[in-house]
Amino acid sequence: MKALKATCIATSNIALVKYWGKRDKERNLPANSSLSITMDEQLRTTTTVEFSKSYKSDEAQINGVRLKGEELSRVVGTVDYLRRFSKTQFKARVVSENSFPTAAGLASSASGFAALTLATVKALQLELQPRQLSVITRLGSGSACRSLYGGFVEWKRGTLNDGSDSYSEQIAPETHWPELRNVIAIVQAGRKKQSSRKGMQQTAATSDLYQRRLAQVPYRMQRVKEAIRQKNLGALLEETMKDSNSMHAVMLDSYPPILHLTDASRQVIDAVHEFNGALGDTAAGYTFDAGPNAQIITTEKRAPAIGKILSEIGGVQSVITCRQGKGPQFTSKHLF
Ligand code: PMV
């Protein structure tokens with residue numbers, strides 16, 4: 001019998017139109033569509049999954065640390081869901097490594113759950129359609145289904161109750177706009193990050209602004225898709241900044257408020273507007289996920305200047321310049 005073992009490398013993604021809020025908690029269905037750019041291999045997770053009769057229970061580790069409790073349950077949830085499609089009842093061992101510091105809060109769950117789902121599917125030798133893969137990946141982490149492809153990726157909200165029309169799809173490959181760069185500033189986390197899952201519930205339950213944001217997103221999605229199609233940098237960056245501001249506004253409007261941006265994050269916002277103002281053009285645009293780290297979308301030409309500005313801001317610990325990634329890859333170099 002062939003070894004039930006596979007290794008996948010998936011990379012993180014940064015949302016230009018953010019996912020914040022669910023329309024169905026159990027099925028992990030989003031309240032709005034979202035759109036992201038997949039990052040290159042500097043921000044990658046490598047995951048090896050093996051099913052064997054020698055394992056007594058499902059076990060998992062990330063960067064050498066064994067998972068327990070809630071974290072282990074999420075990983076086992078994905079593994080177990082897929083195992084039911086196969087003929088095996090063997091338990092699994094999952095070993096995962098992040099190329100970037102997990103503590104830096106750079107969407108490791110997106111690359112992590114994309115790599116986990118794909119490695120598990122391959123280890124079990126399952127034949128799944130792209131939409132099925134997408135649906136299963138988002139059960140582990142919503143934003144992970146956008147890491148299943150390279151380039152620009154949309155995750156559709158869908159309207160069906162069973163969630164079968166809420167899946168991810170590539171809208172343009174990484175070769176469409178190769179000059180784009182993401183200059184990431186890792187800043188000191190001001191306070192411990194609350195899980196997105198809890199934060200989203202808090203916003204949906206308490207923020208009046210939230211419904212307004214949801215009503216706006218379909219128009220923003222259209223404008224962003226159009227800007228990508230036409231390679232209209234100014235329009236893309238303006239919508240990206242406005243959407244990040246909108247998500248952080250509904251976070252602040254939640255009660256108690258969810259505060260992720262720190263002084264360093266706010267200095268980055270000011271610096272980007274100053275940079276664009278001096279240039280008389282919108283050539284850089286910031287976006288922040290549920291954390292204080294800034295991601296500045298710009299072009300190859302402007303990336304060195306942006307990198308320099310960011311590194312001079314107090315509280316910025318390091319700067320990473322990423323290109324767009326080509327999506328997940330399998331490798332025969334297993335982690336164990
Ligand atoms: O996929 P989750 O449940 O970790 O949610 C992440 C949501 C944000 O990162 C804040 C925004 C996004 O669309 O990636």
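Helices (H or I, at least four residues) and strands (E, at least two) are DSSP runs here, numbered from the N terminus. You have a predicted model open: local features need pLDDT of at least 70, side-chain atom pairs count only at pLDDT 80 or more, and totals for chains, interfaces and linings use all residues. Residues are numbered from 1 along each chain as its sequence is written, and side-chain values use heavy atoms, with hydrogens and water left out.

Start by selecting Tyr255 and Pro256: a cis peptide bond joins them, with omega about -5°. Pro256 sits in the loop between helix H6 (233-252) and helix H7 (263-279). Most peptide bonds are trans, and most residues other than glycine have a negative phi.

On to backbone phi. Pick Asn28, whose phi is positive at about 55° although the residue is not a glycine. Look for Asn28 in the loop between strand E3 (22-24) and strand E4 (29-30). Its relative accessible area is 3%, so Asn28 is buried (under 20%; exposed is over 50%, partly exposed in between, using a 1.4 Å probe and protein chains only).

Now jump to Asn63, in the loop between strand E7 (59-62) and strand E8 (65-66). Phi of Asn63 is also positive, near 45°, but Asn63 is partly exposed at 34% relative accessibility.

Last stop: the cysteines. Cys8 is buried at 0% relative accessibility, and Cys322 is buried at 1%.
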